[in-house]
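Reader: I would like a close look at a single helix in this model, taking in its partners and its faces. Could you set out in one connected account what surrounds it?

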Amino acid sequence: MFSILALPEKAFNTLTMVEVNRSKSSNKKLPSDELSVGETARRSGISISTLHFYEREGLVTARRNKGNQRRYARAMLRRIAIIRIAQKAGLTLAEIKDAFPSRLSTKAHLSTR
């Protein structure tokens, strides 16, 4: 879809036409309780590779959509914040993982939908 935007230029009393190309994928919204890997990383202040590492270590979980892309529950943002604080306090990742109850698993939460 293309949109045309007319911007007035005061100095020359003319208009500048700008064409904006919106891809169809930019209009797609995720369910309000899920975040993409990039959005989760951006909001939590960690890199995507760190987020993937936390997932491999069992600290966070994500479901996969039909396109095999990770989707994180919003609750993972709080969990990531706790992980970061615990690391700054000197706890190891193993200690942090052991401190989380297994019932906080996102897979269990998301599979009930």
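Author: What follows is an account of helix α2 and its surroundings. The model is a predicted one, and α2 covers residues 48-56, while helix α1 covers residues 37-44. Two packed helices are described by the angle between their axes and the distance between the axes. Here the axes of α1 and α2 come within 9 Å and cross at roughly 105 degrees, an angle that makes α1 roughly perpendicular to α2, because values from 65 to 115 degrees are counted in that class. On the α1 side the residues that meet α2 are V37, G38, T40 and A41, and on the α2 side they are I48, L51 and H52. Sorted by class, this contact has four nonpolar and three polar residues, with no charged ones.

Turning to the faces of α2, its buried residues are L51, Y54 and E55. Viewed down the axis of α2, these buried residues fall within an arc of 100 degrees, and therefore they line one face of the helix. An α-helix has 3.6 residues a turn, so residues three or four places apart point the same way. The buried residues of α2 pack against α1, and also against β5 (70-73), α3 (75-88) and α4 (93-99), whereas the face turned away from the buried side carries the exposed residues S49 and R56. Just after α2, G58 adopts a positive phi of about 80 degrees.

Key. Residues numbered from 1 in each chain as written. Predicted model: local features only at pLDDT ≥ 70, side-chain atom pairs only at ≥ 80, totals over all residues. Heavy atoms only, no water. Axes fitted to C-alpha atoms, helices over the stretch in contact; angles between N-to-C directions. Helix = DSSP H or I, 4+ residues; strand = E, 2+ residues; numbered from the N terminus. Parallel < 35°, antiparallel > 145°, perpendicular 65-115°, else oblique. Contact = heavy atoms within 4.5 Å. Nonpolar A, V, L, I, M, F, W, Y, C, P; charged D, E, K, R; others polar. Buried < 20%, exposed > 50% of the residue type's maximum accessible area, 1.4 Å probe, protein only. Arc of directions from axis to C-beta.
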